[in-house]
Amino acid sequence: MNALFLAAAEEPQNPLLPHLDELVIGLIAFAIVFGFLAKKLLPNINKVLDERREAIEGGIEKAESAQIEAQSVLEQYKAQLAEARHEAARLRQEAQEQGAAIIAEMKAEGQRQREEIVAAGHAQIEADRKAAAAALRQDVGKLATDLAGKLVGESLEDVARQSRTIDRFLDELEEKAEAAR
């Protein structure tokens, strides 16, 4: 056996192939380091990775829920805006209708007032015409009585007779005027 070791020792060593005892010691050291890392470091790494994954998933879920909530709020705002526009249109329509009603009412009131003024004017004109006719009749009667008294040479001071004569004379004039029309 000694000869085998001597022959092996004299043979040139391949640099790529390690000695068997180095290989065994290296494998044992690797197993120890791997076991230590697997027991101590790997659980911490897995824990950090799990926390990070949960944080990312939670962030995504929160973002999705926030997006859903924002979408629902947007829909509510759109609905409120549409309702406000509808209400504004309704109020505008009511205001136009009320404006038209007020204008119609004011026109009717103006027409009524105009008719009252015209009626009052006609009544005043008629009253003035009657007053003027009565005053004219009295003046014509006085003048006619004075003239008749001068023609006859007597005084016609009897008021009742004078009034009947004047009325008869003026009625005849009015009849002739109406017949001429």
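This passage describes the fold, surface and side-chain contacts of a predicted model.

The structure is a predicted model, in which local features need pLDDT of at least 70, side-chain atom pairs count only at pLDDT 80 or more, and totals for chains, interfaces and linings use all residues. Residues are numbered from 1 along each chain as its sequence is written, and side-chain values use heavy atoms, with hydrogens and water left out.

Confidence was examined through pLDDT, the predictor's confidence in each residue, from 0 to 100. The mean pLDDT of the protein chain is 83. A value of 70 or more is reached by 85% of its residues. Among the elements of the chain, helix α1 (residues 2–10) has the lowest mean, 52. Helix α2 has the highest, 88. Where pLDDT is low, the predicted coordinates should not be read in detail.

The protein chain has 3 helices and 0 strands. Helices (H or I, at least four residues) and strands (E, at least two) are DSSP runs, numbered from the N terminus. From that terminus on, the elements run α-α-α. Helix α2 covers residues 20–152.

The chain has 181 residues, and buried ones make up 3% of them. Buried means under 20% relative accessible area, exposed over 50%, and partly exposed in between (1.4 Å probe, protein chains only). The accessible surface of the chain comes to about 16,200 Å². Carbon and sulfur atoms account for 62% of that surface. Accessible areas come from the Shrake-Rupley method with a 1.4 Å probe; for residues, only the protein chains shown count as cover.

An unreviewed UniProt entry places the feature "transmembrane region" at residues 23–42. UniProt positions are given in the numbering used here, feature names are shortened, and annotations may be inferred rather than shown by experiment. In the model, residues 23–42 are 100% helix and 0% strand. The end C-alpha atoms of this span lie 26 Å apart.

A nonpolar patch on the surface is formed by Val33, Phe36, Leu37, Leu41, Leu42, Ile45 and Leu49. Together these residues have about 620 Å² of accessible area. Patches are made of residues with over 30% relative accessible area and no salt bridge; like charges are joined within 9 Å, and nonpolar side chains (Val, Leu, Ile, Met, Phe, Trp, Tyr) within 5 Å. Leucine 49, one of the patch members, lies in helix α2. Its relative accessible area is 48%, so leucine 49 is partly exposed.

Aromatic contacts were considered next. A pair of aromatic rings is described by the distance of the centres and the angle of the planes. Rings of Phe, Tyr and Trp (its six-membered ring) pair if their centres lie within 6.5 Å; planes under 30 degrees apart count as stacked, over 60 as edge-to-face and the rest as tilted. By this rule the count comes to 1 aromatic pair. Phenylalanine 30 and phenylalanine 34 form this stacked pair, at 6.1 Å centre to centre and 20° between the planes. Both residues lie in helix α2, 4 residues apart, about one turn of the helix. Both phenylalanine 30 and phenylalanine 34 are exposed.

The structure holds 6 salt bridges. A salt bridge is a side-chain nitrogen of Lys or Arg within 4 Å of a carboxyl oxygen of Asp or Glu. One of them joins arginine 112 to glutamate 116 at 2.1 Å, N to O. These two residues of helix α2 are 4 residues apart, about one turn of the helix. Arginine 112 is partly exposed, at 36% relative accessibility. Glutamate 116 is partly exposed too, at 44%.

Glutamate 87 forms a salt bridge with arginine 90, with the closest N and O atoms 2.2 Å apart. Both lie in helix α2, 3 residues apart. Glutamate 87 has 32% relative accessibility and so counts as partly exposed. Arginine 90 is partly exposed at 34%.

Glutamate 126 and arginine 129 also meet in a salt bridge (2.6 Å, N to O). They are 3 residues apart in helix α2. Glutamate 126 is partly exposed at 31%, and arginine 129 is partly exposed at 48%. Elsewhere, salt bridges that share partners join Glu87, Arg90 and Glu94 into one network.
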